[in-house]
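Work through the exercises below with the model open. Try each task before reading its solution.

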Amino acid sequence: MIMTETKAGNIRIVTVSYRQDEEKSWPMRIYIPDKQGPFPALLDVHGGAWNSGGCGDNEKIDLALAEGGITVFAIECRKAPVHTYPAQVIDVNYATRWIKAHANDYNILSDNIGGLATSSGGHALFLSGMRPDDERYRAIDLAGGNSLDAKLSYLIGAWPVLDPYGRYLFAQENNLDFLVKATESYFLDEETMKKENPLLAIERGEQFSLPPVLIIQGTADLNIPLSSVSRFVEVYRSAGGLVDLELFENEPHGFACKPGTESDRAIERIKTFVIAQAAENSSNVR
C-alpha cells in the first residue's frame with residue numbers, strides 16, 4: 001500500500017506500508033532511480049541503538065546510491081523497550097522476503113539483493129543475512145510469499161555493531177550510559193548479548209551463510225570498539241567469508257550521513273561494491 005510519493009531531483013521516493021500489525025503500519029521508503037532497469041536492490045536497515053531511528057535516517061546515502069542506479073528499500077524496524085530481541089532481526093528477514101516478492105513491481109533484479117545497515121542495524125542485518133533460514137527470524141508469514149527465502153547476496157555494514165556484548169562493555173567503561181541502557185532494553189540480559197552475537201557466534205564455530213561483506217568504519221568512532229571490528233574481519237575470513245574493510249581516518253560514528261569529502265568517498269565505495277557484486281552475481285547466474 002503506497003502511503004506517499006515524492007521526488008528528490010530525478011529520484012522517485014515511494015513510502016509504502018510493508019507490514020501492518022495490531023499496533024501500527026510499518027513504513028518502507030523506496031528510492032527509485034530515474035533510469036532504465038532492472039536495477040540492483042539494496043535493503044537499508046537504520047541504526048538507533050535498537051531504541052530509536054527510522055526509515056529516513058540514511059537518506060543522504062540512499063539518494064546517492066539511487067542516483068547511481070541502485071534501488072534502495074529503507075525499512076523502519078520495531079524498537080525497544082516495547083520490542084526486544086529478536087524483533088529487529090525478524091523485521092529484516094521479513095523485509096528481505098517482501099522485496100523479493102515485489103521484485104517485478106519495482107523492476108529490480110531479484111537475484112541481486114544485498115543489505116546495507118548502519119550502527120545497531122548491522123546487528124540485525126548480519127544475523128539475518130548469516131542465518132537466513134532461522135525459524136525464529138521467519139516468525140512473520142508473508143502472504144503469498146512464504147516460499148521465498150531471506151538470503152542476501154552481500155552485506156554492507158557502516159560503523160556496524162557486530163559484537164553487542166563487546167560494545168556493551170565498551171559503553172560501561174566509557175560511561176556511555178545511554179548505550180548501556182539501550183542495549184539492556186533490547187537484549188534484556190548479558191547472556192543474550194553474547195549468544196545472539198555475529199562475532200562471538202563465528203568464534204564459537206557455529207555454521208552460517210557467509211555472503212561477501214564490506215565494512216565502512218571511521219577510526220575516530222567513540223561509539224564502537226575498533227577491536228571488535230578487526231576481530232570480526234579476522235574471524236569471518238577464517239570461516240571462509242570474504243570481507244573488505246575500508247577505514248576512514250579520523251572520522252566519527254555516522255560520518256557518511258553528513259556532508260563531507262570523506263562521506264562522499266564512503267558512499268562511492270559502497271556504490272562501487274554494490275555494482276561489482278551485482279555484476280558478479282549476474283555472471284554466476286549465466
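Predicted model: local features only at pLDDT ≥ 70, side-chain atom pairs only at ≥ 80, totals over all residues.

Residues are numbered from 1 along each chain as its sequence is written, and side-chain values use heavy atoms, with hydrogens and water left out.

**Exercise 1. Pairing of strand 2**

Task: find which strands pair with strand 2 (residues 11–20), and in what sense.

Solution: 
- Strands (E, at least two residues) and helices (H or I, at least four) are DSSP runs, numbered from the N terminus. Two strands pair if DSSP finds at least two bridges between them.
- Take strand 1 (residues 2–8). Six bridges tie it to strand 2, antiparallel. Within this pairing, Ile 2 has Val 16 as its bridge partner.
- Inspect the turn. Two residues separate strands 1 and 2 in a hairpin, and Gly 9 there has a positive phi of about 65°.
- Take strand 3 (residues 25–32). It runs antiparallel to strand 2, with eight bridges. Ile 13 lies opposite Tyr 31. The hairpin between strands 2 and 3 has four residues.

**Exercise 2. Surroundings of Leu 63**

Task: decide whether Leu 63 is buried or exposed, and list what it touches.

Solution: 
- Locate the residue. Leu 63 belongs to helix 1 (residues 59–67).
- Apply the cut-offs: buried means under 20% relative accessible area, exposed over 50%, partly exposed in between (1.4 Å probe, protein chains only). Leu 63 has 18%, so it is buried.
- List contacts (heavy atoms within 4.5 Å). Leaving out residues up to four places away in sequence, Leu 63 touches Ala 8, Ile 11, Ile 13 and Tyr 31.
- Check a distance. The C-alpha atoms of Leu 63 and Pro 33 are 8.9 Å apart, across 30 residues of chain.

**Exercise 3. Burial by element**

Task: how many residues are buried in strand 2 and in helix 3?

Solution: 
- Strand 2: eight of its ten residues are buried.
- Helix 3 (residues 121–130): ten of ten are buried. Among them are His 123, Phe 126 and Met 130.

**Exercise 4. The largest cavity**

Task: what lines the largest cavity?

Solution: 
- Define it. On a 1 Å grid over the protein atoms alone, a cavity is a set of points where a 1.4 Å probe fits but cannot get out; lining residues have an atom within 4 Å of a point.
- Count. There is one cavity of 30 Å³ or more.
- Size it. The largest cavity holds about 60 Å³. A volume is the space filled by probe spheres set on the points, which are joined across faces, edges and corners.
- Read the lining. It includes Pro 160, Asp 163, Arg 167 and Ser 228.

Technical notes: 1 Å grid on protein atoms, 1.4 Å probe; cavity = no way out; pocket = protein on both sides within 12 Å on 5 of 7 lines; lining within 4 Å.
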